[in-house]
Amino acid sequence: AASDVYKRQEQYNLAQVDWLYIHEAIPGHHYQHVIVDNYGICRNQIDTDSEMAFTEGWAAYTETLGQELGLFQDPNSLYFAVKWQALRAMRVIIDVGIHSEGWSIKQASDYWMRHFPEGQDVMDREIKRIQQWPMQVNTYVYGKYKIEQLKLRLKKQKSFNEIEFHKNVLSLTHLPLNSVNYYSKLFK
């Protein structure tokens, strides 16, 4: 019944709101898709792991803009954002352990608890996700890394404009992540 549905839903607290907003809404996924639907080079989504790295990488990258945008003012909110950065790193290690090293669920859980006990509240869910969807959790970290590397390279140019940089990155969203290398002429 309906009451069972409510019992199964995760609980959220106010410390999560800034992080959820910036990642899922603005300037994260929602904003990303509105912009690409209206101004993107390729408006039809290409269903590839590389495109997923672009989409999730953008949302993870936008989290780095949180304080600049006036978010994460509450220490609990900032702690939650930092915890998710650590959680992403843990998920990458667990993904490699399970899919490359053949770790059992117990080995993955033991590693998680030894190195990230504050993430115990989501450990079982995340390990199950990693088991069922190899490499997906890595797309956040890799995509963010590629966007940050491009930004660092372009910031060396005197004409660098962060607003234009973000517009250009967003216009490429539905393309594979390596398209930033082929379309770098846009970033002037």
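This is a predicted model: local features need pLDDT of at least 70, side-chain atom pairs count only at pLDDT 80 or more; totals for chains, interfaces and linings use all residues.
The secondary structure of the protein chain consists of ten helices and zero strands, so that, read from the N terminus, the order of elements is α-α-α-α-α-α-α-α-α-α. Of the 188 residues in the protein chain, 43% are counted as buried, and the chain exposes about 11100 Å², of which carbon and sulfur atoms supply 54%. When contacts between residues at least 6 apart in sequence are considered, 71% of them join residues at least 24 apart.

One packing arrangement involves helix α2, which covers residues 17-25, and helix α5, which covers residues 75-99; their axes lie 8 Å apart and form an angle of about 55°. Because angles from 65 to 115 degrees count as roughly perpendicular and those under 35 as roughly parallel, α2 and α5 are described as oblique to each other. On the side of α2, the contact is made by Asp18, Trp19 and His23, which meet Ser77, Phe80, Ala81, Trp84 and Arg88 of α5. Sorted by class, the residues of this contact comprise four nonpolar, two polar and two charged residues.

Helix α8 comprises 18 residues, 138-155, and at 1.5 Å a residue it should span 26 Å, which agrees with the 26 Å that separates its end C-alpha atoms. Within α8, the buried residues are Asn138, Thr139, Tyr140, Gly143, Ile147, Leu150, Lys151 and Leu154.

How values were computed:
Residues are numbered from 1 along each chain as its sequence is written. Side-chain values use heavy atoms; hydrogens and water are left out. Helices (H or I, at least four residues) and strands (E, at least two) are DSSP runs, numbered from the N terminus. The expected span of a helix is 1.5 Å times one less than its number of residues. Buried means under 20% relative accessible area, exposed over 50%, partly exposed in between (1.4 Å probe, protein chains only). Contact means heavy atoms within 4.5 Å. Accessible areas come from the Shrake-Rupley method with a 1.4 Å probe; for residues, only the protein chains shown count as cover. Axes are lines fitted to C-alpha atoms, for helices over the stretch in contact, and angles run from 0 to 180 degrees between N-to-C directions. Angles under 35 degrees count as roughly parallel, over 145 as roughly antiparallel, 65 to 115 as roughly perpendicular and the rest as oblique. Ala, Val, Leu, Ile, Met, Phe, Trp, Tyr, Cys and Pro count as nonpolar, Asp, Glu, Lys and Arg as charged, and the others, Gly among them, as polar.
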